[in-house]
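User: Hi, I have a structure open and I'd like to go through it slowly with you. Could we start with the charged pairs and then move on to the helices?

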Amino acid sequence: MPNGSLAARFLVFQLLVVAVVLIAVAAVSVTQSTREFRDIRGQRMIAVAENVASTPIVRDRYDDPFAAQVLAPEVDRAVALSGADLAEIADPAGQVRVSSDPERVGQRLDLDTTRADEGRAWSGDSTVGGTHRLAGQVPILAADGAVLAIVSVSERYPSLWELLGGAEERLLIYLGLGAVLGMLASWLLSRRIYRHTRGLDIAEIASLADHREALLHSIREGVLAVNNDGVITVVNDSACDLLGISDDAVGRRADAIGLEPAVAAFLLSGEGTRADGSDVVITTRTRVLALNRRAARSQGRRIGTVTTMRDSTELAALRAQLSSHRSVTDTLRAQTHEFSNQLHTISGLVQLAEFDAVRDLIGALTRRRAEINEAVTQHVSDPAVAALLIAKTSLAAERGVTLTLTDDSHLGTLDPALATDVITLLGNLIDNAVDVSVGSPAAKVGVRLDDSDGLTLAVSDSGPGVPVHLREAIFSRGVTSKAPVPGGRGIGLAMVRLVTAQRGGDVAVTDAPGGGALFVVNLHA
């Protein structure tokens with residue numbers, strides 16, 4: 001294990017904590033043992049001293065010149081009976097007259113803190129021959145209460161190990177077992193930390209965290225990580241901007257932060273990650289997002305997914321414009337085919353010299369074209385939108401579908417930018433309506449335009465309609481009932497919602513009065 005790793009430092013710290021705890025327990029035990037020793041043994045010392053002081057021979061011979069020899073058996077017996085290691089008899093001035101230690105005879109007894117010289121029994125700490133002792137002192141009193149002599153019985157304080165051993169019979173065993181278990185637990189925990197931190201030092205972990213934050217927030221693409229429980233673990237600034245969420249989304253489930261339903265479903269489901277690694281395109285109310293998701297693994301175990309995302313709104317808009325241009329090209333191709341057939345017919349009639357028939361045919365074609373143009377232009381003043389409707393009418397007729405503009409429609413001249421968006425909206429809605437109406441019993445598409453209050457575009461069809469449960473999903477990228485084509489389908493209605501949202505409007509689909517679907521776009525003024 002590296003000396004500077006977080007796990008090693010944690011192990012040292014834990015061992016210090018264990019040591020401090022053990023020392024604290026030992027200190028408490030020693031303090032408690034010392035207090036018990038002072039209380040219990042102090043009373044015992046006083047009792048033994050009182051017993052010696054009340055012995056008749058002691059009272060009679062305490063001041064005898066040979067008291068040290070005469071009373072020696074009494075003090076020795078006191079030591080033997082009490083467990084004390086020193087018993088002495090001193091005069092009121094404190095000079096030792098009799099002692100169980102003959103070397104102490106003639107020395108001075110410490111009376112500085114005692115009250116025995118005042119005629120009262122006393123127990124407490126005393127220093128005898130430089131040794132800290134617990135002493136009990138009792139005066140020998142005369143009939144008038146005068147102090148004749150003082151009996152002192154003392155015992156040295158036990159050592160630290162003696163106190164620990166006396167605190168409790170198995171205290172040392174418990175402390176040793178606690179130390180072993182504490183060190184073992186600390187070692188196991190440090191090994192676990194070592195595995196999870198890859199043996200890195202604190203400075204290295206902090207550096208990795210700094211680099212991670214710098215990389216996340218400097219990447220232009222959005223990055224969002226979700227764990228196995230669907231909780232967001234990482235999100236960078238770009239992802240917050242693209243998804244319209246705040247940076248406090250970390251720690252919350254992906255479906256609880258106000259994401260678009262399609263985006264939340266993609267992040268939480270196990271689907272959507274394609275085998276070929278291609279992007280999944282999802283249209284939100286304001287953007288077209290290209291998402292790519294990969295499983296995140298640690299030590300061979302799946303820990304969630306990481307999704308990268310890019311803003312493909314401009315690309316989708318270009319694709320929609322290309323689709324519109326392709327639609328116009330198809331319309332021109334259909335008209336070319338129609339004009340070619342008409343020219344061949346006129347050429348044949350001329351060769352047959354059927355000039356009256358030629359005149360009648362040209363007149364009929366002219367009137368039909370004029371009727372179509374007039375049906376549109378009398379309600380639509382904007383030339384670009386009118387041209388689109390005229391072209392779409394011809395294309396729909398080529399496919400066997402009747403496209404009509406309602407009599408109450410009205411659209412004035414539009415700003416060029418708004419006209420471009422209206423062309424995108426109408427083009428996609430009409431193409432979609434024509435596609436689903438082909439083959440229906442009464443194949444028809446209705447268009448209604450109203451600019452009296454804002455701008456309303458309504459397109460109805462005679463198709464099967466849109467089920468209620470699909471009326472939200474149908475505006476997502478890739479949702480379509482048409483056959484697949486190169487480049488993908490399902491972008492038309494997605495672009496309708498996107499352009500509408502960018503204009504501050506809304507789009508909805510309901511059932512048309514005569515059957516089929518009715519798409520209504522409202523652009524606010």
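Analyst: A salt bridge here is a side-chain nitrogen of Lys or Arg within 4 Å of a carboxyl oxygen of Asp or Glu, and the structure holds 15 salt bridges. Please keep in mind that this is a predicted model, in which local features need pLDDT of at least 70 and side-chain atom pairs count only at pLDDT 80 or more, while totals for chains, interfaces and linings use all residues. Residues are numbered from 1 along each chain as its sequence is written, and side-chain values use heavy atoms, with hydrogens and water left out.

User: OK, which residue does arginine 77 meet in a salt bridge?

Analyst: Its partner is glutamate 74, at 2.1 Å from N to O. Arginine 77 and glutamate 74 are 3 residues apart in helix H4, so about one helical turn separates them; helices (H or I, at least four residues) and strands (E, at least two) are DSSP runs, numbered from the N terminus.

User: And glutamate 74, buried or exposed?

Analyst: Glutamate 74 is buried, because its relative accessible area is 14%, where buried means under 20%, exposed over 50% and partly exposed in between, with a 1.4 Å probe and protein chains only. Arginine 77, at 40%, is partly exposed.

User: What about arginine 503, where is its partner?

Analyst: Arginine 503 forms a salt bridge with aspartate 421, at 2.7 Å from N to O. This pair links distant parts of the chain, since arginine 503 is in the loop between H14 and strand S14 (506–511), whereas aspartate 421 is in helix H13, 82 residues apart.

User: Switching to helices, how do H13 and H14 pack?

Analyst: Helix H13 (residues 416–437) and helix H14 (residues 492–502) pack at an angle of about 150°, with axes 9 Å apart; the axes are lines fitted to C-alpha atoms, for helices over the stretch in contact, and angles run from 0 to 180 degrees between N-to-C directions. H13 and H14 are therefore roughly antiparallel, a word used for angles over 145 degrees, while under 35 is roughly parallel, 65 to 115 roughly perpendicular and the rest oblique.

User: How many residues of H14 are buried?

Analyst: In H14, 9 of the 11 residues are buried, so this helix is largely enclosed by the rest of the structure. Among them are Leu493, Met495 and Arg497, and just after H14, glycine 504 takes a positive phi of about 75°.

User: Last one, where does arginine 359 lie?

Analyst: Arginine 359 lies in helix H11 (residues 355–377), and it counts as exposed because its relative accessibility is 52%.
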